[in-house]
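Me: I am new to this structure and would like to know what lies behind the terms used for it. Please take them one at a time.

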Amino acid sequence: RRVAPARAYTYWIALADALNELGRREEAKAAAQAAAERATNPEQRAHAAQIAYFAQTDLAVQFTRDASGRPQLITTRAPHDTPDWNSFIEPGDDIRRVQGTLLAIECGDTGTRILVDAAGGRLTLTIPDPSRVLMRNAPSEFTCGPQRPSTVRIDYAASKTRGPNSDGVVRGMEFR
């Protein structure tokens with residue numbers, strides 16, 4: 001069937017939206033691109049780009065900070081089929097990933113610190129709130145003090161200024 005040029009944008013954008021709803025992501029992206037090609041103004045092109053973006057992402061949540069620095073949960077979009085999405089990584093975090101050996105867990109009144117021996121040297125990382133760290137394959141319980149050496153992969157937000165107290169804040173930890 002032939003679609004009249006005057007209705008082509010509407011046809012392709014409706015098709016892209018329907019295909020997204022059906023989970024047919026690649027077809028939805030292609031239909032959104034076809035709509036963008038037939039758009040007659042910037043608003044239509046922006047809408048087509050948004051539909052294409054939806055075809056490539058999934059709804060997710062992420063922690064961020066409000067104006068007074070308190071953590072809050074917001075909705076965001078994550079790339080489709082991202083198995084290691086970590087909602088504790090905040091916008092603006094300078095995320096680093098290291099693999100190393102967990103040496104010690106230091107517990108104190110001001111928070112928890114972990115010592116990790118990694119290829120780049122020894123890291124001291126803080127855990128201000130244990131409920132805001134994504135743990136994978138973790139033991140059911142931790143004890144403070146020296147640890148039996150275990151291999152870990154850690155995602156952390158690097159400190160803006162490295163100091164003797166911490167190289168960054170742990171956002172995720174996977175025991176291997």
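Reply: Helices (H or I, at least four residues) and strands (E, at least two) are DSSP runs, numbered from the N terminus. Counted that way, the protein chain has three helices and eight strands. From the N terminus on, their order is α-α-α-β-β-β-β-β-β-β-β. This is a predicted model, in which local features need pLDDT of at least 70, side-chain atom pairs count only at pLDDT 80 or more, and totals for chains, interfaces and linings use all residues. Residues are numbered from 1 along each chain as its sequence is written, and side-chain values use heavy atoms, with hydrogens and water left out.

Me: What makes helix 1 roughly antiparallel to helix 2?

Reply: Axes are lines fitted to C-alpha atoms, for helices over the stretch in contact, and angles run from 0 to 180 degrees between N-to-C directions. Angles under 35 degrees count as roughly parallel, over 145 as roughly antiparallel, 65 to 115 as roughly perpendicular and the rest as oblique. Helix 1 (residues 8-21) and helix 2 (residues 25-38) pack at about 160°, with axes 8 Å apart. That angle makes helix 1 roughly antiparallel to helix 2.

Me: How do you know how helix 1 lies against helix 3?

Reply: By the angle again: helix 1 and helix 3 (residues 42-56) pack at about 20°, with their axes 10 Å apart. Helix 1 is therefore roughly parallel to helix 3. Contact (heavy atoms within 4.5 Å) is made by residues including Tyr9, Ile13 and Asp17 of helix 1 and His47, Ile51 and Phe54 of helix 3.

Me: What makes strand 1 and strand 2 a pair?

Reply: Two strands pair if DSSP finds at least two bridges between them. Nine bridges join strand 1 (residues 57-65) to strand 2 (residues 71-79), and the two run antiparallel.
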